[in-house]
Amino acid sequence: MKIDKEIFREMVKFYGEAFHLPPLAAKIYSYLIFDFDREGVSFDEFVEIFCASKSSVSSNLNLLLNLNIINDFNKIDERKRFFVINEKHMRIRFEEIIEKMERELSILHQLKDFRQTDDEEILRKFGVYTSLFDKNILHIKETLDQL
């Protein structure tokens, strides 16, 4: 599998921060993104590639599996497990983002109702802020419908 080391380093940093992953888990996930044909990478290959202990690789693979970031499978003619990125993970991630935005929007509306202000500037800013939420929620939902 061909890997661009600079892109790989950038991905490790980004996904580590974005998904709050430990360094080895971020490396595994980033490495799997380069598996464009989705042939899968075996446990032993990860141990060799990252020069990591079997227990470290195992615990980080289990973390990624539990987070639904990757999937595993067995090939018919082999006993080994192979790992690939979960193609549905981005949909799951953006559905969670929508849920969080909708919750925050609900809380903001409750807060506005509680405050009961007639201050036009406060109401204008509230409208701008909540409109941003509404537009982004709608845009993300429309995009997910296209997938």
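Predicted model: local features only at pLDDT ≥ 70, side-chain atom pairs only at ≥ 80, totals over all residues.
Two packed helices are described by the angle between their axes and the distance between the axes.

Helix 1 spans residues 5-18, and helix 2 spans residues 23-33. Their axes lie 8 Å apart and form an angle of about 125 degrees. That angle makes helix 1 oblique to helix 2. The crossing of this pair is right-handed. On the side of helix 1, the contact involves F8, M11, V12, Y15 and G16. These residues meet P23, A26, K27, Y29, S30, Y31 and I33 in helix 2. By class, the contact of helix 1 with helix 2 holds nine nonpolar residues, two polar residues and one charged residue.

Helix 2 also packs against helix 4. Here the angle is about 70 degrees, and the axes are 9 Å apart. Angles of 65 to 115 degrees count as roughly perpendicular, so helix 2 is roughly perpendicular to helix 4. The crossing of helix 2 and helix 4 is again right-handed. Helix 2 contributes L24, A25, I28 and Y29 to the contact. Helix 4 contributes S56, V57, N60, L61, L63 and L64. Eight residues of this contact are nonpolar and two are polar. No charged residues take part in the contact of helix 2 with helix 4.

F43, F46 and V47 represent helix 3 in the contact. They meet K54, V57, S58 and L61 of helix 4. The contact of helix 3 with helix 4 comprises five nonpolar residues, one polar residue and one charged residue.

Attention now turns to open space. Rolling a probe the size of a water molecule over the atoms shows where empty space is left. The largest pocket has a volume of about 280 Å³. Its lining includes A18, F19 and H20. L67, N68 and I69 also line this pocket. The lining of the largest pocket has six nonpolar, three polar and three charged residues.

The second largest pocket contains about 230 Å³ of space. It is lined by 13 residues. Nearest its centre lie M1, F34, D35, E39 and G40. Six residues of this lining are nonpolar, one is polar and six are charged.

Conventions. Residues numbered from 1 in each chain as written. Heavy atoms only, no water. Contact = heavy atoms within 4.5 Å. Helix = DSSP H or I, 4+ residues; strand = E, 2+ residues; numbered from the N terminus. Nonpolar A, V, L, I, M, F, W, Y, C, P; charged D, E, K, R; others polar. 1 Å grid on protein atoms, 1.4 Å probe; cavity = no way out; pocket = protein on both sides within 12 Å on 5 of 7 lines; lining within 4 Å. Points joined across faces, edges and corners; volume = space filled by probe spheres on them. Axes fitted to C-alpha atoms, helices over the stretch in contact; angles between N-to-C directions. Parallel < 35°, antiparallel > 145°, perpendicular 65-115°, else oblique. Left-handed = near helix turned anticlockwise from the far one by under 90°.
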